Amino acid sequence: MIRRPVAVVTAIVLFAEGLGIAGLQWFLGTVVDRQKMSLAGLDPDAMSVSTKAGGVVFGLYFVFCGVVALLVALRNRPAAGLGRILLISVAVVHGLLGALTVGLVGWGAFVFMMVVLGLVLLTLMTYDRQDGGADAVPGGSGGVDGTDGADGADGADGPGGVGQVGPVQPSAPGVS
């Protein structure tokens with residue numbers, strides 16, 4: 001399958017991107033500190049510290065998203081809960097960063113952002129449906145609602161049949 005390699009590549013790219021973002025922001029904070037730059041009267045030390053802290057936080061965010069992608073690959077199961085939210089949010093971030101970088105940095109950075117966006121989306125979407133397809137039900141024999149169709153000629157007569165409208169009501173014990 002292609003699912004695991006895509007998730008591993010996504011994790012590696014997110015790790016590298018996290019380290020790159022943190023390193024770039026650290027470098028920019030150091031430059032601001034050494035140049036004693038100020039923007040509209042802001043304290044250069046505050047600007048330096050906030051740039052470095054923001055870079056570390058943003059880098060850790062990418063690294064944590066990479067850990068989620070790596071866990072998806074290792075477990076061979078889709079991300080759930082907070083992990084899924086993180087992968088969706090990192091996809092949105094890459095879409096927004098791609099839109100910004102095309103004007104600020106150039107088409108090369110845009111292409112990189114879109115490749116990472118595609119990897120994250122592939123990681124999310126290839127794990128959405130299991131190998132059996134939409135009709136596969138764990139423990140069932142392939143019926144639409146998990147029944148085997150043995151309760152009537154066309155499956156519509158008994159509880160859980162195809163023709164039934166509404167939820168199945170459990171019967172009283174001893175009554176069939």
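Q: Which residues does Val120 touch, not counting residues up to four places away in sequence?
A: Val120 touches Thr10, Leu14, Leu87, Val90 and Ala91 on that count, where a contact means heavy atoms within 4.5 Å.

Q: What am I looking at, and how are residues numbered?
A: It is a predicted model, in which local features need pLDDT of at least 70, side-chain atom pairs count only at pLDDT 80 or more, and totals for chains, interfaces and linings use all residues. Residues are numbered from 1 along each chain as its sequence is written, and side-chain values use heavy atoms, with hydrogens and water left out.

Q: OK, the fold. How many helices and strands?
A: The protein chain has four helices and zero strands (DSSP runs numbered from the N terminus: H or I of at least four residues for helices, E of at least two for strands). Along the sequence the pattern reads α-α-α-α.

Q: And which residues have the most contacts inside the largest nonpolar core?
A: Leu14, Tyr61, Cys65, Leu87, Val90 and Val120, in a core of 23 residues. Such a core is a set of buried Ala, Val, Leu, Ile, Met, Phe, Trp, Tyr and Cys residues joined through side-chain atoms within 4.5 Å; buried is under 20% relative accessible area, exposed over 50%, partly exposed in between, with a 1.4 Å probe and protein chains only.

Q: Which helices supply at least two residues each?
A: H1 (3-35), H2 (44-75), H3 (82-104) and H4 (107-126) each do. H2 gives the most to this core, seven residues.

Q: Thr123, then: buried or exposed?
A: Thr123, in helix H4, is buried, because its relative accessible area is 2%. Leaving out residues up to four places away in sequence, Thr123 touches Val6, Ala7, Thr10, Val72 and Leu87.

Q: How much of the whole chain is buried?
A: Of its 176 residues, 28% count as buried. The accessible surface comes to about 11000 Å², with 69% of that belonging to carbon and sulfur atoms; areas come from the Shrake-Rupley method with a 1.4 Å probe, and for residues only the protein chains shown count as cover.
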